[in-house]
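Me: I am new to this structure and would like to learn how to read it feature by feature. Could you take me through it slowly?

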Amino acid sequence: MTLKADLYWSFRSPYSYLILPRIEALVSEWDLDIDMRFVYPIAVRAPDFFERIDPLWPRYFMKDVFRVADFLGVPFKWPDPDPVVMDMKTRTIPSEQPYIHRLTRLGIEAERRGAAMAFAREGSRTIWGGGVAHWHEGDHLAKAAEAAGLDLADMDATLEAGTEAHDDRIAANAAALADAGHWGVPTLVFDGEPFFGQDRLDMAVWRMKQKGLEARKG
């Protein structure tokens, strides 16, 4: 029996980017379906989050993401621009956000077109992988969409016609994440149990095997 899980994921989260190759390998190897659940990052959902955390947290976070990428052998560079505009000195988040809303809505549109994980992979690789400069300019995102089997211009045209359904889906995903018992990304939810962070994937697989996860046949 095919098992199912939800992956709550954000284009601004470096850990979301870093977990995705292992998620795809997991789906390829095991009889498992994982639905992408795009959400806004915590910086958008709770703009005061970074003002409330311990001042040591950002420094540790920056050290850790580069370390994890090195450990996993995944290309990584902090993106320019950051998908979320943020004053790093004051840790405040301005209300004007020119990138993350479009990216997240594009993720929802990719889901509607049956290519959510492929677009997450190609888009996050473009943003976080360090292979391009200024990912928001030129045809970088168009090429990412094309690699995922999508047409960025057509997707943008759909968004220009209206984003209410996309925004409703994003809000519903955030509510479902909270109902599952967490607030952060990446969070894999299986059988109602949340596994937060790229470092909990092995434990999630352990739980799935307890519930009958089997290798794919053929």
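Me: How do I read the crossing of two helices, and at what angle do the axes of helix 5 and helix 9 cross?

Reply: This is a predicted model, in which local features need pLDDT of at least 70 and side-chain atom pairs count only at pLDDT 80 or more, while totals for chains, interfaces and linings use all residues. Residues are numbered from 1 along each chain as its sequence is written, and side-chain values use heavy atoms, with hydrogens and water left out. Axes are lines fitted to C-alpha atoms, for helices over the stretch in contact, with angles from 0 to 180 degrees between N-to-C directions. Here the axes of helix 5 (residues 100-112) and helix 9 (residues 164-180) come within 9 Å and cross at roughly 95 degrees. The two helices are therefore roughly perpendicular to each other, a term for angles of 65 to 115 degrees.

Me: Which residues of helix 5 and helix 9 meet?

Reply: Contact means heavy atoms within 4.5 Å. Thr104, Arg105, Ile108, Glu109, Glu111 and Arg112 of helix 5 meet Ala165, His166, Asp167, Arg169, Ile170 and Asn173 of helix 9. By class, this contact has three nonpolar, three polar and six charged residues, where Ala, Val, Leu, Ile, Met, Phe, Trp, Tyr, Cys and Pro count as nonpolar, Asp, Glu, Lys and Arg as charged, and the others, Gly among them, as polar.

Me: How many helices and strands does the chain have?

Reply: Helices (H or I, at least four residues) and strands (E, at least two) are DSSP runs, numbered from the N terminus. The chain has 10 helices and four strands, in the order β-α-β-α-α-α-α-α-α-α-α-β-β-α from the N terminus on.

Me: How much space lies in the largest pocket, and which helix supplies the largest share of its lining?

Reply: On a 1 Å grid over the protein atoms alone, a pocket is an open set of points where a 1.4 Å probe fits, with protein on both sides within 12 Å along at least five of seven lines, and lining residues have an atom within 4 Å of a point. The volume, which is the space filled by probe spheres set on the points, with grid points joined across faces, edges and corners, is about 700 Å³ for the largest pocket. Of its 28 lining residues, Tyr15, Phe49, Trp57, Phe61 and Phe196 are the closest to the centre. Helix 4 gives the largest share of the lining, six residues, and the classes are 19 nonpolar, four polar and five charged.

Me: Where are the cis peptide bonds that involve Pro81 and Pro186?

Reply: One joins Asp80 and Pro81, with omega about 5 degrees, and Pro81 lies in the loop between helix 4 and helix 5. Another joins Val185 and Pro186, with omega about -5 degrees.

Key
Parallel < 35°, antiparallel > 145°, perpendicular 65-115°, else oblique.
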